[in-house]
Each structure stands twice: as structure tokens, then as C-alpha cells.
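Trainee: I would like to learn how to read helix packing and strand pairing. Could we work through one case?

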Amino acid sequence: MFDIDKWQEIFATIKKNKMRTFLTGFSVAWGIFMLMILLGSGNGLSNGVSSNFMNDAVNAMWIWTGETTIPYQGMKSGRAIQFHNEDQDLVKKVSGVGVSSGRYFMGNTRYSYKKESGEYTTITCQPELIQVENIAINEGRFINQIDLEQKRKVVVIGTDIKTALFKDTIAIGQYIDINKVPFKVIGICNEPGSTRNRNAYMPLTTAQMIFNGANKIHNLAVTINAQTLEESKTIEEQVRNVLGRKHKFDPKDEGAIGLYNKLENYIQTMRIFQAITIFIWIIGIGTLIAGIVGVSNIMLIVVKERTKEIGIRKAIGASPSSVISLILLESIMITTIAGYIGLVLGTGLMELINYFMVQSAGPAPSSDQGGGSIFLNPTVDINIAISATLLLIVAGAIAGYIPAKRAASIKPIVALRDE
Amino acid sequence: MIKLNNIHKSYEMGNNSLHVLKGIDLEIEQGDFVSIMGSSGSGKSTLLNILGMLDNYDKGSYHLAGNLIQNMSEKKSAKLRNDMVGFVFQSFNLISFKNAMENVALPLYYKGIPRKKRNLIAMEYLEKMGLKEWANHMPNEMSGGQKQRVAIARALISNPKIILADEPTGALDSATSYEVMEILKDVNDSGITVIIVTHEHDIAALTNQIIRLKDGLIHEIIRNGELKEFKKNLIRGLEIA
């Protein structure tokens, strides 16, 4: 194997047969290159869409009230449903429901601090909301249980509100007027990946007390613990049943309460992605097979072309094994180097695309309205890349071995007559 | 040197079996210069292949320099070919992507001689053939006679006991043919047994012994003394024609 003379012989052969070497190498390099691009693109698409889902908890579910559309138990349709604090307790008891946060809508709320003022969205919530929605705290803290229990007049404001009202001065600890009621700023937050941070968060209990909410809730944000689409649907159904019994509406009434199940959506999208992944693999394996067939074909031709040379070598004293190893080592060397080149070019191109995507996305995230790109990190698992290359090398070796063995075992005289 | 005893060889052709050699008894002494003649299909090439250990025989026995050549592994027969036999072919059979020197040196590669040393030896042999200036030329840049001389140098480089030549002049014009025969004669004079297969009477007439094959059997053997008679007959035959 490490016979220097043998390698000199192989290198001499390669040097004198540039076209043949190039064709063999090219088909291998091209196969690997295409595979890398294909798998890389698939990964990029998959990564991109997955990251878009990461904004909120993937197992989030939102429930809001509406009007009944189906007459039920002698009551006409068109009846408005109103949630109260008890409803949240009911929903919490449904098995599979994790944390939850109620919310009371306040309509337009005017925020003012000294001479600055503006209208922003107020979200009244419980501390659990931070586990459901995508909220990042930049300064201070989020609403906590004590705020809720003591009905403290505190508020967490979005970065846009802070900038508008406070400019560069410190906001934490200052009091701002919300609809002319003073609230203490306890935190500054933003939504990662979003360009609008005009939301403010205050304790649900405080809002209910100050802004005539009594014990009303407008919607509920919960997390659910489900692994499959079926489980998630069951939880959804139970929520409808429980609330339907309480508010006397048909559980099948889609209008009475609104329900958005993100997990369901996520699972469905992931299913599509599984299908896309399978599709990409099928194409990838197809490409690989095409590469294997190409290499095999070239090896067959190479051996055929060298039949006479094999005969000559045998006549002057080459043993069959030395002939086979000469041909095989040559083909393995060519496919290995070419496979490596294809691997480097393919992954290199995908990394380059990745680099430019990061570059162009970096300085101007705000130009992209709210959403991330659907293409992210289009790179290939290096293990897959290497195994694909090895597969091609082995296939090339086998494809070369069979005809080489046959050629080495035919009588030299027959090989020599082969014109 | 070479002793054949009742050699049989047949080829399987689908369901039919083609009986090519039907019992050849032959003895060739060290230093002989022999030609094998016969019409096509008479088995002369098959005989040469068996002599050169390129092919097996079915029945009988073949002794080469005292060794029984029978049912040898490919590896062993390759080694023996490398040590004992040099081949010269009608179509030269040089490796097209190697230059003259590398072609000549190739048998020494299979003997395990280092590159530098074998190239040096190859140059010596090329010089003997008067082809020193052509050492770095590729086969397609040389004439037929030159190529055959390279092939003879290659056959000689491993110091064989026997040179087997299958129609060595078949692809050459008559002047070059005689040149090649002259070289083979010199080779023979150095003590190496030379066996050529040919269908040309004038070429065969340059050897010391002619073995005529007919239908897989030795039809006649014409030795030194009788050779003059053979030549006379040949000339008479030509005149009639």
C-alpha cells in the first residue's frame, strides 16, 4: 500500500491520462457538489421556517370571546360571551393546559410623561404571559405575582414608548400617566424579531380595578402540553366543552369563542417540512445514484480501455493482484480527491450564501417587515457530507474492482488481441 | 530446456468443444532458434501461449528448465514469466502512455527494482538496440521497426531463458523484418532460446529448426541439415507460383 514505487507508477499513469482522470474526477465532484447544494438549501429552508416559529412559544394557544352563531338550549344565536376570572380557573383545570394568562382589553390608552404623550396598546396580563409570548426584558423586570395580588399600579413599557416619552433619561422608577392615572415604570421590554415595540404590560388585577373591568377577561393566552396533533386537538375540544358548559353554548359553535392553536399550526408545518426533507433526500439520493452510475460507467470504460495494457503487464510478469491494486488505487485516489473538491466547493458555496445573507440581513433588519427570512443557515451536516463522499468512493472502487478483476483474470493473450 | 509430452488443449465454445492441440510431443534444447509454422487454426498460437505460461493445457505435461508447469496459481506463473520468458508480439504491445525507456524498464518494476536503477538498465538495452536517442519518445512517435526493437529490449531486460515471439515481423515490411530477425539471431547467439511463430516461409527459413503444425499435431520438424532442402523447395515453389 505504501510502496513508493507503486505510487510513482500510479502518478505517472494519471499524469499521462489527464482527460480520463478529469472525467472521472468531474463526475464525482459534481455529484457531491450538487448533493451539498441540495441538502444545504433544504436545511436552509427548514431552519428559516423553524426560526420564524420561535417568536412565541410553539405550544401557545389563544382563546378569545365572540358571539354565539348556533341557537343552544333555547337561547338565540348572536349572544355575546363574556369571560370572567373563573373561566381562567376552569381552563387551567383542563388536562394538558400549562400556564395561562388572562387579559382585559382597555381600548386606546393615552400615555403621558411631562410634556410628552402618545397612544399605545396596553396589554393587561399575569406574570405567566412571558412564558407564552415572546417578550424580552431589557431593563428592570416583568409583572410579578405580588404586583398582581397587591394590584400595584406598575407598568412595563416597550422600547418605542420609552424612547418617545423619556428620550435619553432614565425611565425605570418614574411615574407616567395612563389615562390620567399615574403608574410606576418597572421594566422596559421589546419583542425580539419585531420592529414595533409599542406595547405596554400592566397587571390584570390593577387594570380590572382601575378601568372598570370588575372581574372581566377578554382573552386567555395559555400553553398546552401536547406531542401530537391529536393530543392538541383533544385539548382544544376540552376547552370548548368546559367553556360551553359554563356559558351555555354549543361546543361546536366556532363563533362563540375564538381559538388559535399555534401548536397545531406548528405540527402541521413541521409535517410539511418532514415531507420536504424526505423529498430533498429522495432527490439527493437520486443525485448520488446518478453520480455512482457515472463513476461506475467511467470505471468500466477505463478498465475496458486498459484491457490491453493489463495484458501487456501480465505478459511481462505482473500478478493479477498487482494489476487490480494499480487500477483500484488510481480510481480511489481520483475519486477521493475529486470528492473532497466537490465537498469543499459545495459547502463553501453554501457558507458563502449564508455569509451574504447574514451580511445583508445584519445592517437593515427594520426594512424587513417584522418577519424573518424563510432561508436561514443553509449548511450541511458535515457527517452527512463525508458519508456521501465515502459512499461515492466505495461505489467507484466497487465499480472499478469488478471489471478490473475480470480483466486481470482473462488470459493475457486474449487481452493482447483486444483491439 | 523445454519438454512437452502429449499436450492436449481444447476450448469450450458454448456447447461445442474445439480440440486445438491433439497431443504435442516436443523437445527444444537450450540455445535453439525455432520457428513454429502452420496454417491458421493449426494451433500454433495456442502452443506458444502454453509455452509462455499464458494459457493452461488440459492433458500431458510441460517441463520448463526442469520445472513442471501445471495448475500454477496466476501469481506464481506471473513470477515465472517474469523470470524465464520474454515476449515479442506482432503488434508490439508497448504501453502507449509510457516512453521507450519506461516501456523497456517495466518488467524490472515487477521484479521490484528501484526506478532509477531500472531506468539505467533500460538505457543500456536501448543502446544495444541503437535507440539511445529515442529513449524519451512515445511509441506513437516511432516507426514499426523501432517499436519492435523497443519490444525486444523489453523482452530481454529481465534476462530470460526464452524469447517467445508471436509473428514478430507480421506488421513490418520485408527490409525491417530482416533487421528484426537479425537482432533475434544475435539474441539467440548470446545463448537465449528463441521461438517464433510465423507464417512467412522466408522468415522461418532464417531459424535453425522449423516445426510445422497441422490440425493440432506436429506434421513435420525440419532441422538444420534439412533446412537447405526446405529452402530449395521454397524457391521452387515460388518459381512455380
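**Helix packing**

Mentor: Helix 3 of chain B passes helix 5 of chain B in a right-handed crossing. Right-handed means that the near helix is turned clockwise from the far one by less than a right angle, left-handed anticlockwise. Helices (H or I, at least four residues) and strands (E, at least two) are DSSP runs, numbered from the N terminus. This is a predicted model, in which local features need pLDDT of at least 70, side-chain atom pairs count only at pLDDT 80 or more, and totals for chains, interfaces and linings use all residues. Residues are numbered from 1 along each chain as its sequence is written, while chains are lettered from A and ligands numbered from 1 in the order in which they are written.

Trainee: Which residues of helix 3 and helix 5 of chain B make the contact?

Mentor: Residues are in contact if their C-beta atoms, placed from the backbone, lie within 7 Å. Helix 3 of chain B contributes Ala100(B), Asn103(B), Val104(B), Leu106(B) and Pro107(B), and helix 5 of chain B contributes Val150(B), Ala153(B) and Arg154(B).

Trainee: How do strands pair in a sheet?

Mentor: Strands pair through backbone hydrogen bonds, either parallel or antiparallel. Two strands count as paired if DSSP finds at least two bridges between them. In chain B, six strands form an open sheet in the order 6-7-8-3-9-10, with mixed pairing. Its edge strands, each pairing on one side only, are strand 6 (85-89) and strand 10 (217-222) of chain B.

Trainee: In which sense do strand 6 and strand 7 of chain B pair?

Mentor: They pair in the parallel sense over five bridges, strand 7 of chain B being residues 162-166. Val88(B) stands opposite Ala165(B) in strand 7 of chain B.

How values were computed. Two residues are in contact if their C-beta atoms, placed from the backbone, lie within 7 Å.
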